[in-house]
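Please view the sequence and structure first.

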Amino acid sequence: LLDLSCLTGKADLAAALLEAKATVEARGPQLPSALMWAHWSGCEDVVVLLSSTGASLSNADLEGLQRLRTARAELADMKKNGGEGKEGGEGKKADKAAPKAKSSSSSARAKPETPKKPSTPDPLTLLKEDSDKRLGRSEIGAVLRGIEEMKGAMTDDEIERLVAYAPMQSDGKIDLASFMQWIKQGGASAAAASSNAAKLMEPIAEEIWFGGAPCRGLVASACGLAARMNWGLCRELGAPVPISQEEPQAPSPPELMKALDICAIPRTRAKASLLGLRLTAEGSGTGCADVAVLHLFTTDQQFHAAVSSAWTVASMPNPMQEEVDRMADIDAATSQVAHALRSLPAKKAVCYRACRVPYSKLPSGTLKEVLQGHRHALDCYRPGSVVLWRHAVTATTDAALAEELALRGEPLAGCGIVFKVRRATGARAIRDFSECPEHGEVAFPPNSVFRVVGLF
């Protein structure tokens, strides 16, 4: 709770927790503390409050801040590189059009020059007289807004973004001389480039306080896992079309944010961003965007269904136009999930996909329809057959849990079946990104192919 209060800037809550003897290093000295999250969020009030109790930045805190800043810079570079190509193309078109404008200038009437937009004033010169002061972020923002030359050149949001990215001292203050030097070294440009890209690392403060992991027992808490394992079974898709074997590329952060606005729930998005921040600060090695989409994949049923549908539509020979449009709208999200799964190390383990099929889909009252599959769809489960799982299918490494879900899961009026995948070399462990790591959840990348060994 203290970490969350520091991240969200709730000074009153942080003071109450400290009065109740809450520990600043609640997760141990080897992991980032609450003071690091206060520095990261730029809440100087909370930084001063924690420092007054004797807390100081440890090596783990300094390393966590460096990792977070590096991740934010990488996201900004992705956005910047994506924009430079487009601007370069427009520049070439303008150069080719220039000779035509020159040849017709003799007969055309000269047009009055349009006034140029005033350039953004350099805060380096505007703050020289106060360069020996140390101020908080809010105070520096107020100083910048009070400068007459800044009005009309930068909006309040742009000033707030500029100050938020400025380096802060250990006491929660910003040295104006260091601030001016940071701007001179390109800090303002970096802050502007990161404005949209860094939203992946900015969870909505109002949303992260709600909900939590289910606490109803191992089997009862696996309802979401059961729904993910059961997704797509018995669905008629037709013959699969050839699939590109190219490695999936991660989209730009603005494209991913636009896709998540369509297919993800805001509350789970906030929790996904929060998990991405924590694992990035702890040095997990997985990118913040990859962590976020993997958490959404394992917790947000709406997001899971959307990306799974997109993968299946991409392999269908004659999909409906509405399905194609929906797939195109969230292409960035599906690409990011595929990229995240491919980036995880493959795990060689025995996996179990437990499913329950309602009797409404079984006219025979048995699993005959499931095992028989559909013609040319590569979903016939007979010994020697080749099976294609078109979307990212999830499974578990817990055999007892798979048996419980198959025998006593939902729906009650149905038949259970367990697909045992032996010697699987393509499974990716995603337990660390789910709400219940004890379920041992794994996922197979889209378009994984298997051979049926036998029925037991």
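The sections below describe the overall build, a charged surface patch and the salt bridges.

## Overall build

The model is predicted. Its protein chain contains 19 helices and 8 strands. Of the 456 residues in the chain, 42% are buried. Among contacts between residues at least 6 apart in sequence, 79% join residues at least 24 apart.

The accessible surface of the protein chain is about 24,300 Å². Carbon and sulfur atoms account for 52% of that surface.

## A positive surface patch

Strand 6 (residues 414-429) supplies the largest share of the patch, with 3 residues. Lys348 lies in strand 3 (residues 346-358). Lys348 is exposed, at a relative accessible area of 65%.

## Salt bridges

The count of salt bridges comes to 7. One of them pairs Glu282 with Arg27, with 2.2 Å between the closest N and O atoms. This pair links distant parts of the chain, 255 residues apart: Glu282 is in the loop between helix 13 (266-281) and helix 14 (288-299), and Arg27 is in the loop between helix 2 (11-19) and helix 3 (34-41). Glu282 is partly exposed at 24% relative accessibility, and Arg27 is partly exposed at 36%.

Asp261 and Arg269 form another salt bridge, their closest N and O atoms being 2.4 Å apart; Arg269 is buried, at 19% relative accessibility. Glu322 and Arg326 also meet in a salt bridge, at 3.2 Å from N to O. These two residues are separated by about one helical turn because they are 4 residues apart in helix 16 (residues 321-329).

Terms used
Residues are numbered from 1 along each chain as its sequence is written. This is a predicted model: local features need pLDDT of at least 70, side-chain atom pairs count only at pLDDT 80 or more; totals for chains, interfaces and linings use all residues. Side-chain values use heavy atoms; hydrogens and water are left out. Buried means under 20% relative accessible area, exposed over 50%, partly exposed in between (1.4 Å probe, protein chains only). Contact means heavy atoms within 4.5 Å. Accessible areas come from the Shrake-Rupley method with a 1.4 Å probe; for residues, only the protein chains shown count as cover. A salt bridge is a side-chain nitrogen of Lys or Arg within 4 Å of a carboxyl oxygen of Asp or Glu.
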